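Please keep the sequence and the model in view while reading.

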Amino acid sequence: MKDFNFYAPTEIVFGEQSEEKVAQLVKKYGGTKVLVHYGGQSAIRSGLLDKVCDQLAQSGIPFVKLGGVVPNPRLSLAQKGIELCREEGIDFILAVGGGSVIDSAKCIAYGVPYEGNVWDFYLGKAKATAMLPLAAVLTIPAAGSEMSESSVITNEEGDVKLGYSNNLSRPKFAIMNPRRTFTLPAYQTAAGVTDMMMHTMERYFTKDDDMDFTTDVAEAMLRSIKNAVFAVLKNPEDYRYRAQIMWGGSLMHNGLTGCGVTEDWATHQLEHELSGMFDVTHGAGLAAIWPSWARYVLHENVSRFVRFAVNVMDVPNDYTDPEGTALKGIEAVERFYHAIGMPVNIKELIGRDITDDEIREMTRKCSRDYTATCGGLKVLQAEDMEAIYRMARG
């Protein structure tokens, strides 16, 4: 068991009336002039953006709006937001949307007090020591950014997608109303569930087998979310199961399921290059990569894959053939992905064969020009990354 620190300072306000508290919470955490950051038209069409802005106006809190966030949020918009915050004297950022909006807000918050280029943080050239406080009104449960220390940004110059983690970026509060997720398309719902499950699976698949409580919690979360997604795909307005998914997405990426274990994150890093190159939905990209990663690293801890197969995917345990049981668990995940409309390889993801040149370019970027590794269960060198991409091509 590894020593660990667990830090989860975000105040959660959960329920059907939670949006009514946005202004008082902004004041509670020191906001006097707010940047309201959001994505496309859904926040407008649903009336949520107007409701949030009305709450601020009625409480005498001035605000400025900046929309336009897209999936795989762009560095250029964050840089625009940084300049806007400086010009307007913004001291608090409120993200109204899903993970992409929250990640973009974090990037802006990092950049406002920083004299250099905010991209420095994502390149690992600098470490943030200050940032504007931020909070979230969550509309898409998936990324877990509303409670996590992580953000991911895509630099259009070179289509490079990189993440940066710092506890300063954990939102001050997150408002969660499951009703706001009723209109999510089935594909987006399924991709979000895939993403949140992967946040826990990246922590679950480890060589550290002696933190039973963390493992038990992780398995319970995975089972609950796996079951809930079928209920909401059948009935999108099922409040009970939308609530399970919304709360689960936060808990699966606030660090709880990583307490006492070595984390992996190779699947996420491999997928970032898919998103950067093809601008695909992140959760779907994870589904396309994970089965090949799992088969490639299986022998690093066969018993862990067996436990996952039996306790999460309901595969009967063949005690005479642990590897067979483990492989059946991976196959069960593939069936699950297909059942909820997710791909299991790159060809299914992008709709065509990926080229050798594209595989080599993703490998180069993932390995930072062949200088970096990724992964915890198995530390992947550049040749391992390329091998997994080739296995995943379909």
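A cavity is defined on a 1 Å grid over the protein atoms alone, as a set of points where a 1.4 Å probe fits but cannot get out, and lining residues have an atom within 4 Å of a point. Grid points are joined across faces, edges and corners, and a volume is the space filled by probe spheres set on the points. The model is predicted, so local features need pLDDT of at least 70 and side-chain atom pairs count only at pLDDT 80 or more, while totals for chains, interfaces and linings use all residues. Residues are numbered from 1 along each chain as its sequence is written, and side-chain values use heavy atoms, with hydrogens and water left out.

**Cavity**

The largest cavity holds about 30 Å³ of space. Its lining consists of M197, M201, F308, V312, M313, V333, F336 and Y337. Helices (DSSP runs of H or I, at least four residues) and strands (runs of E, at least two) are numbered from the N terminus. At least two lining residues each come from α7 (186-204) and α13 (322-339), and α13 gives the largest share, three residues. Nonpolar here covers Ala, Val, Leu, Ile, Met, Phe, Trp, Tyr, Cys and Pro; Asp, Glu, Lys and Arg are charged, and the others, Gly among them, are polar. By these classes the lining has eight nonpolar residues, with no polar and no charged ones.

The expected span of a helix is 1.5 Å times one less than its number of residues. For the 13 residues of α9 (residues 239-251) this gives 18 Å, and the end C-alpha atoms are 18 Å apart, which agrees. At the start of α9, a side-chain oxygen of D238 comes to within 3.2 Å of the backbone nitrogen of R240.

Buried means under 20% relative accessible area, exposed means over 50%, and partly exposed lies in between (1.4 Å probe, protein chains only). In α9 the buried residues are R242, A243, I245, M246, G248, G249, S250 and L251. Their cover includes β1 (11-14), β5 (134-138), β8 (173-176), α7 and α8 (212-234).

Helix α5 (residues 99-111) also has 13 residues, and its first and last C-alpha atoms are 18 Å apart, close to the 18 Å expected. Of the 13 residues of α5, 12 are buried, so the helix is mostly covered. Among the buried residues are D103 and K106.

**Single residues**

| Residue | Relative accessible area | Class |
|---|---|---|
| T214 | 6% | buried |
| D50 | 45% | partly exposed |
| R368 | 38% | partly exposed |
| Y370 | 53% | exposed |

T214 belongs to helix α8. Contact means heavy atoms within 4.5 Å. Leaving aside residues up to four places away in sequence, T214 touches L256, T257, G258 and C259.

D50 sits in helix α3 (residues 48-58). Its C-alpha atom is 45 Å from that of G394, which is 344 residues away along the chain.

R368 and Y370 are both in the loop between α15 (356-366) and α16 (382-391). Most residues other than glycine have a negative phi. In R368, however, phi is positive, near 50 degrees, and in Y370 phi is positive too, near 65 degrees.

How values were computed
On a 1 Å grid over the protein atoms alone, a cavity is a set of points where a 1.4 Å probe fits but cannot get out, and a pocket is an open set with protein on both sides within 12 Å along at least five of seven lines; lining residues have an atom within 4 Å of a point. A polar contact is a pair of N or O atoms within 3.5 Å; within protein, one must be able to donate a hydrogen and the other to accept it, and residues adjacent in sequence count only if both atoms are side-chain atoms.
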